[in-house]
Amino acid sequence: MFAAENGLKSDPRLQGISEAIRVVPHFPKQGIMFQDITTLLLDHKAFKDTVDIFVDRYRGMNISAVAGVEARGFVFGPSNCLSYWCKVCSFTKTQKVAR
């Protein structure tokens with residue numbers, strides 16, 4: 001859906017990204033198709049292509065900070081900031097923070 005709406009449907013990078021993500025059926029419960037990105041992170045080309053798609057989407061928007069929310073945001077937030085030359089702010093749910 002995102003790809004078609006944003007002119008990426010024919011982007012050849014999407015195939016490699018999609019193939020690099022491991023799908024775990026029925027996890028954590030029946031009917032859920034968990035998208036495990038650890039396999040994406042092990043594939044340097046697919047990971048770079050993923051970051052490049054994020055960067056291309058927001059290029060020229062004078063971004064001054066990126067919010068990295070939860071686990072995936074902690075990976076992709078800083079990766080994008082390297083290209084935007086901006087700050088990263090990481091956020092998590094308060095219940096998950098050690099006190």
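His26 counts as partly exposed, at 42% relative accessibility (buried is under 20% relative accessible area, exposed over 50%, partly exposed in between; 1.4 Å probe, protein chains only). The model is predicted, so local features need pLDDT of at least 70 and side-chain atom pairs pLDDT 80 or more, while totals for chains, interfaces and linings use all residues. Residues are numbered from 1 along each chain as its sequence is written, and side-chain values use heavy atoms, without hydrogens or water.

His26 lies in the loop between β1 and β2. Its phi is near 60°, a positive value in a residue other than glycine. The loop between β1 (22–25) and β2 (33–36) also holds Pro28. There, the peptide bond from Phe27 to Pro28 is cis, with omega near 5°. Asn62 likewise has a positive phi, near 55°, and is not a glycine. Asn62 sits in the loop between α4 and β3 (65–69). With 75% relative accessibility, Asn62 counts as exposed. Most residues other than glycine have a negative phi, and most peptide bonds are trans.

The chain contains five helices and four strands (DSSP runs numbered from the N terminus; helices are H or I with at least four residues, strands E with at least two). From the N terminus on, the order of elements is α-α-β-β-α-α-β-α-β. The chain has 99 residues, and 26% of them count as buried. Among contacts in the chain with a separation of 6 or more, 38% come from residues 24 or more positions apart (contact: heavy atoms within 4.5 Å).

The largest nonpolar core comprises 13 residues (buried Ala, Val, Leu, Ile, Met, Phe, Trp, Tyr and Cys joined through side-chain atoms within 4.5 Å). Leu40, Val66, Phe76, Tyr84 and Cys86 have the most contacts inside this core. Helices α2 (13–20), α4 (44–58) and α5 (70–84) each supply at least two of its residues. The most comes from α4, which gives four residues. Leaving out residues up to four places away in sequence, Val66 touches Gly77, Cys81, Tyr84, Cys86, Lys87, Val88 and Cys89.

Helices α4 and α5 pack at an angle of about 60°, with their axes 10 Å apart (axes are lines fitted to C-alpha atoms, for helices over the stretch in contact; angles run from 0 to 180 degrees between N-to-C directions). This angle makes α4 oblique to α5 (under 35 degrees is roughly parallel, over 145 roughly antiparallel, 65 to 115 roughly perpendicular, the rest oblique). The crossing of α4 and α5 is right-handed (near helix turned clockwise from the far one by less than a right angle; anticlockwise is left-handed). On the α4 side, the contact is made by Phe47, Thr50, Val51, Phe54, Val55 and Tyr58. On the α5 side, Val75, Phe76, Ser79, Asn80, Ser83 and Tyr84 take part. The residues of this contact divide into eight nonpolar, four polar and no charged (nonpolar: Ala, Val, Leu, Ile, Met, Phe, Trp, Tyr, Cys and Pro; charged: Asp, Glu, Lys and Arg; polar: the others, Gly among them).

Val75 belongs to helix α5. Val75 is partly exposed, with a relative accessible area of 27%. Apart from residues up to four places away in sequence, Val75 touches Leu41 and Phe47. Val75 and Leu41 are 34 residues apart along the chain, and their C-alpha atoms are separated by 9.1 Å. Phe47 is also one of the α4 residues in the α4 and α5 contact.
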